[in-house]
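Biologist: I would like to learn how to read this kind of structure, one feature after another. Could we begin with the general idea each time and then turn to the case at hand?

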Amino acid sequence: VRTPGGRLVYLYVKKRRTLPKCGQCKKELSGIKPSRPCERPRMSRRLKTVTRTFGGVLCHRCLRERIIRAFLIDEQKVVKVLRAQQQAKPVSKPVKVPKTTKPTKAGAGKSK
C-alpha cells in the first residue's frame with residue numbers, strides 16, 4: 001500500500017471474522033457480530049449473544065424443536081400414567097348409597 005508520504009509498505013491482512021454456528025444444524029447464527037476469538041473478550045455481551053434461552057448456541061428453529069419435543073415427551077408420560085390408571089381400575093356404574101336420616105337440631109346438643 002502506498003502511504004501519503006509516497007512510500008510503499010506492507011499491509012498485513014487479518015483472517016476473516018466468522019459467525020458462530022448452531023450446535024445442532026451447523027447454520028450460522030443470526031444477530032451475532034462476526035469476530036475472531038481473540039476479539040470476543042473485549043466485545044460487550046449484547047454483541048456476542050442473543051437474549052433468549054440457548055442464545056448464541058442454538059438457532060431459533062432448533063430451539064423451537066427442542067422445546068416442543070420436551071413438551072410432547074412430558075405430555076406422553078402423563079397420558080401413559082392416566083391410561084395405566086384407567087386400565088387398572090375397570091369402569092363400573094356408580095353404586096347408589098341409601099339416604100340416611102339427618103339428626104335434628106334438638107338431638108345435636110352440646111357434648112364434651
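Modeller: Helices (H or I, at least four residues) and strands (E, at least two) are DSSP runs, numbered from the N terminus. The model is predicted, so local features need pLDDT of at least 70, side-chain atom pairs count only at pLDDT 80 or more, and totals for chains, interfaces and linings use all residues. Residues are numbered from 1 along each chain as its sequence is written, and side-chain values use heavy atoms, with hydrogens and water left out.

Biologist: How many helices and strands are there in the protein, and where is valine 9 placed?

Modeller: The protein has 2 helices and 0 strands, and valine 9 belongs to the segment before helix H1 (45–48).

Biologist: Is valine 9 buried or exposed, or in between?

Modeller: A residue is buried under 20% relative accessible area, exposed over 50%, and partly exposed in between, with a 1.4 Å probe and protein chains only. Valine 9 has a relative accessible area of 32% and is therefore partly exposed. In the protein, buried residues make up 11% of the 112 residues.

Biologist: Which residues does valine 9 touch, and which does serine 35 touch?

Modeller: Contact means heavy atoms within 4.5 Å. Leaving aside residues up to four places away in sequence, valine 9 touches Val1 and Thr3, while serine 35, in the segment before H1, touches Arg17, Thr18, Arg40 and Met43 under that exclusion. Serine 35 is buried, because its relative accessible area is 2%.

Biologist: How many disulfides does the structure hold?

Modeller: A disulfide is a pair of cysteine sulfur atoms within 2.5 Å, and the structure holds 0 of them. The sulfur of cysteine 22 has its closest cysteine sulfur in cysteine 25, at 3.6 Å, which means that the two are too far apart for a bond. For cysteine 59 the closest cysteine sulfur is in cysteine 62, at 3.5 Å, so this distance is also too far for a bond. Cysteine 22 is buried, with a relative accessible area of 1%, and cysteine 59 is buried at 7%.

Biologist: What should I note about phi in lysine 26 and phenylalanine 54?

Modeller: Lysine 26 has a phi near 65 degrees, a positive value in a residue other than glycine; lysine 26 lies in the segment before H1 and counts as exposed at 55% relative accessibility. Phenylalanine 54, likewise not a glycine, has a positive phi of about 60 degrees; phenylalanine 54 sits in the loop between H1 and helix H2 (60–88) and counts as partly exposed at 37% relative accessibility.
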